[in-house]
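Dear colleague,

I am handing over the structure we spoke about, and my notes on it follow below. Please read them alongside the sequence and the coordinates.

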Amino acid sequence: MSWIGGKKALRELIVSVFPLYYERYIEVFGGGGWVLFHKPPGNDFEVYNDFNGLLTNLYRCVRERPDELIEALHFVLNSREDFDIVKDALARDSIESDVIKAAYFYQLIRYSYASGLTSFGSQPHDMWSNFPLIEQAHRRLSKVVIENKDFEKLIRQYDRPVSFFYLDPPYYETEKYYKNVGEGGFQEKDHIRLKDTLMNIEGKFLLSYNDCDFIREIYDAPNIQIESFTRINNIKQRYDNGAQFPEILVANYDMQERKENNPSQINLFEIENGL
Ligand SMILES: C[S@@+](CC[C@H](N)C(=O)[O-])C[C@H]1O[C@@H](n2cnc3c(N)ncnc32)[C@H](O)[C@@H]1O
């Protein structure tokens, strides 16, 4: 499902530069889960994490109670009035049932403008068309561990030499789009805290970011690779049609190792503008 900062357009590229070998896959800033759902399930141990508790509750209900969730979504209305009721109930945290909370949050995502969760989208949407997707996601998540932790705790908990972390934090200076998460949202000190945590891990990491001096400077270190690419910017595009958005991938391993092992694979450096 769509989510602010979702990696729908980049999922192919991101999976193509995963390391060749790892035993634990940990998606630290899971969001809409575009990368996890694109990644083929294997024998690796997989973890989905997000600090947004409404989102992780939704995924837990998809994994554990998909029939009840679908049942709760059967007769919801795509109306501004219902949207406001659901939004207020979630803001007041007045819902006791996890399944109803998950159904309300799903409605908010599906019926809000650009999945921004704040204003009613006024767009036709067939809720029933989502039911097969919920069933597919239920099967894909069956062996995935779902966590609701701040990134630092999570990384420390799952770090091993055989761990591979994919991280898609709120981009630098777009943090305000995630202000509902945690007090004060994601701040400059959190970007630095993330860098400090990653620089000390035993495992491998791959990090997505917007291309800016601040991020390049803090990751300017030996054994760290930074590769850049450009795509149409979803956030800016809402206001400035066709805005280009330079992005980077940062890793503590050789991002070419998969390609070198399989030369016919998608090439990081030939993908420009068309994603
Ligand atoms: C750019 S989005 C991830 C998008 C995701 N890759 C996708 O394809 O949908 C960033 C996510 O980080 C989460 N987040 C914000 N602060 C966090 C923190 N301190 N620890 C873990 N997750 C956090 C937000 O809730 C948001 O879902």
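**The annotated aspartates**

D168 is buried, with a relative accessible area of 14%, where buried means under 20% relative accessible area, exposed over 50% and partly exposed in between, using a 1.4 Å probe and protein chains only. Please keep in mind that this is a predicted model, in which local features need pLDDT of at least 70 and side-chain atom pairs count only at pLDDT 80 or more, while totals for chains, interfaces and linings use all residues. Residues are numbered from 1 along each chain as its sequence is written, and side-chain values use heavy atoms, with hydrogens and water left out.

D168 sits in the loop between β4 (163-167) and α9 (188-198); helices (H or I, at least four residues) and strands (E, at least two) are DSSP runs numbered from the N terminus. Not counting residues up to four places away in sequence, D168 touches G5, K7, F29 and S208, contact meaning heavy atoms within 4.5 Å. The side chains of D168 and K7 are joined by a polar contact of 3.1 Å, that is, a pair of N or O atoms within 3.5 Å, of which, within protein, one must be able to donate a hydrogen and the other to accept it, residues adjacent in sequence counting only if both atoms are side-chain atoms.

In an unreviewed entry, UniProt lists W3, K7, D50 and D168 under "binding site", although such annotations may be inferred rather than shown by experiment. D50, in the loop between β2 (45-49) and α3 (53-64), is also buried, with a relative accessible area of 10%. Leaving aside neighbours within four places in sequence, the contacts of D50 include F29, G30, E147 and K149, and a polar atom of the D50 side chain lies 2.9 Å from the backbone nitrogen of N52.

**Helix α5**

The buried residues of α5 are F83, V86, A89 and L90. Seen down the axis of α5, these fall within an arc of 135°, so they line one face of the helix, the arc being that of the directions from the helix axis to the C-beta atoms. Their cover includes α3 and α6 (98-111), whereas E81, A91 and R92 are exposed on the other side of α5. Just after α5, D93 takes a positive phi of about 55°.

**The whole protein**

The secondary structure comes to 12 helices and seven strands, and 50% of the 275 residues count as buried.
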